[in-house]
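Hi,

Here is the structure I said I would pass on. Have a look at it first, and then read my notes below.

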Amino acid sequence: MKSSMRTRLIVIFSGMLILTICCMCLANLFLLPDFYQRTKVSQMKRVYAQTVDVCDDVDWGSQTAEQLSRLYDQLDTLSSNSNVSIYIMQVGIYSGSGEIATLDYVYPANTDRLQRVTWEQVGKYVKSMYYGTALDENCELLSHSGEYAVYKVYDQRVESNYIELTGQMPNNYWVYLRANYQSIQESAQVSNQFLTHTGIVIVIIGTFIMLFISNQYTKPILRLARHARDMKDLNFSSRYEDERDDEIGVLGSSMNALSDELERTISELKTANNELQVDLDRRSQQEEMRQEFLANVSHELKTPIALIQGYAEGLQENIHDDPESRDFYCEVIVDEAKKMNKMVKKLLNLNQLEFGNGSVHLEHFDLNHVLDYVIHSTEILFQQKEAVLSCRRSREPIMVWADEYMIEEVVMNYVSNALNHVRYDKKIEIKTTLEDGLVRVSVFNTGDPIPEEDLGKIWTKFYKVDKAHTREYGGNGIGLSIVKAVMEAHNQKYGVRNYDNGVEFWFELDIAVHSAAVPAVKNPE
């Protein structure tokens, strides 16, 4: 990750700390002196006012030593607490010349400290206040009133700046206050050095703190990013599980809701797409079935139509004049027309079943009646084929739920198929077996087994295992397709099984009522 949010947050936070420290250092260098000067001037004004209050109505000449000691203690305390030197003196001025006649210090009385204040300095301030005498270039007036004046003075002797205040008191007493101004620059330098050293420590500590804090936000965002990638990959099982009440928690809940909505929408789209694909496949299959149907019908109808046309033209041209030949021609035409009519009816019935147009009417009927009808109606066919029929079934009624007409057609197709393919011993057996609420009807005929590769294809329309042999009995490959359609419409099972000596076709139906138990019957060999 080239530039993560956590890195940017730490850089921004550290940069803000460094910028703040730099601004404080610059403020110390350029703004602190003026601020200090204004603060110091205000302080000296307060000291002046406090000094006047302390010395109010004090007669310095009549004070006892004890009184002077207490007064000096008060002034010493005020001077020490305010870091300001306090001088109180009495000034005498010649009224005519404006010169100072006397300058008597009453506080402090220590002559060593009096040496710090020159006669000229005090006299200069007094004359400036009384007579407006100009001050020298080393002295700058900062503030004044009718009672005091504040100056900024550069003392060349000690090469240092001072803030000085000269104020008048009653009885020609004056207050002279002096504070060193030069120390503020040294204080600013010391402060900047302190800020620099502490700033480095603060930046290092702040970086680690910011690293910890940023993890509380970047890690949930990374989890949200992984959640988004899972959503992109359509993995909607991924969830954002952090329980937070802030904006990240709201975003996580929204993404979870979005994931659920996307999963539901994509599921609906896939379902719709699957249905569409199924519909397309069905349409394609129907189109293939239609083309196959037309091709097979054309093929199946081509031979009988050709026969009918040929024999009809023979009759028309009187190829044979004898009545016996004409009767034979007419019989062939009628026989082929019946075959065509029978095939068309089967095709229409099968078409209705396959496309869901032929509805199943469930009825409650005895399956034995259907078997009896089929056996009776095909009796003459058994005689013509010289086939032997055996029927092994329950003597009690076998009541089932099904469409009686369709089941009759299934049994008829099985029996007809058995008659068409019976060979060798020419045995056909119809059998019913009851088990687990079902009845299985099977029709077995001796003959050649169906090749294994053809077992799954015999239920397809017009499919014939032996086309030459099929043509002999007029088969068209539709009967088993009808069986398949009928049984699927009933949602019942059906099938075929090969034996060494023949083939067995079977289907199952639900038993409606309990029938008499029938012992298991072995398949014929």
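Predicted model: local features only at pLDDT ≥ 70, side-chain atom pairs only at ≥ 80, totals over all residues.

Arginine 392 is partly exposed, at 38% relative accessible area. If you wonder what brings such residues together, side chains of opposite charge can pair when their charged atoms come close.

Strand β10 has another pair for you to find. Lysine 431 makes a salt bridge with glutamate 504, with 3.9 Å between the closest N and O atoms. Here too distant parts of the chain are linked, with lysine 431 in β10 and glutamate 504 in strand β13, 73 residues apart. Are these two buried or exposed? Both lysine 431 and glutamate 504 are buried.

Arginine 70 and glutamate 66 meet through their side chains in a salt bridge, 3.2 Å from N to O. Both belong to helix α3 (residues 65-82) and are four residues apart, which is about one turn of the helix. Glutamate 66 is exposed, with 58% relative accessibility, while arginine 70 is partly exposed at 45%. The total for the model is nine salt bridges.

Next, the inside. In soluble globular proteins, nonpolar side chains tend to be buried together. The largest nonpolar core in this model has 43 residues, and Leu367, Tyr414, Phe507 and Leu509 have the most contacts inside it. Among the elements that give it two or more residues are α8 (323-354), α9 (367-377), β10 (427-435) and β13 (502-510). Which element gives the most? That's α11, with eight residues. If you click on leucine 367, you can look for what it touches: leaving out residues up to four places away in sequence, these are Ile398, Val400, Ile407, Val439, Val441 and Leu509. There is also a second, separate core of 27 residues, including Val41, Val58, Leu68 and Ala179.

Helix α13 (residues 479-489) is worth a look as well. Eight of its eleven residues are buried, so the helix is largely enclosed by the rest of the structure. Among the buried ones are Leu480, Ile482, Val483 and Met487. After α13 comes asparagine 491, which has a positive phi, near 60°.

Then there is the loop between β8 (388-392) and β9 (399-402), where you'll find serine 394. That serine is buried, with a relative accessible area of 6%. Its side chain reaches the backbone nitrogen of glutamate 396 at 3.1 Å.

Last stop, the surface. Val201, Ile205, Ile209, Phe212, Ile213, Tyr217 and Ile221 make a nonpolar patch of about 640 Å². One of them, isoleucine 221, lies in helix α6 (residues 183-232) and is partly exposed, at 32% relative accessible area.

Technical notes
Residues numbered from 1 in each chain as written. Heavy atoms only, no water. Buried < 20%, exposed > 50% of the residue type's maximum accessible area, 1.4 Å probe, protein only. Polar contact = N/O pair within 3.5 Å; in protein donor to acceptor, adjacent residues only side chain to side chain. Patch = residues over 30% accessible without salt bridge, like charges linked within 9 Å, V, L, I, M, F, W, Y side chains within 5 Å. Areas by Shrake-Rupley, 256 points an atom, 1.4 Å probe, with all protein chains shown as cover. Salt bridge = Lys/Arg side-chain N within 4 Å of Asp/Glu carboxyl O. Core = buried A, V, L, I, M, F, W, Y, C linked by side-chain atoms within 4.5 Å. Contact = heavy atoms within 4.5 Å.
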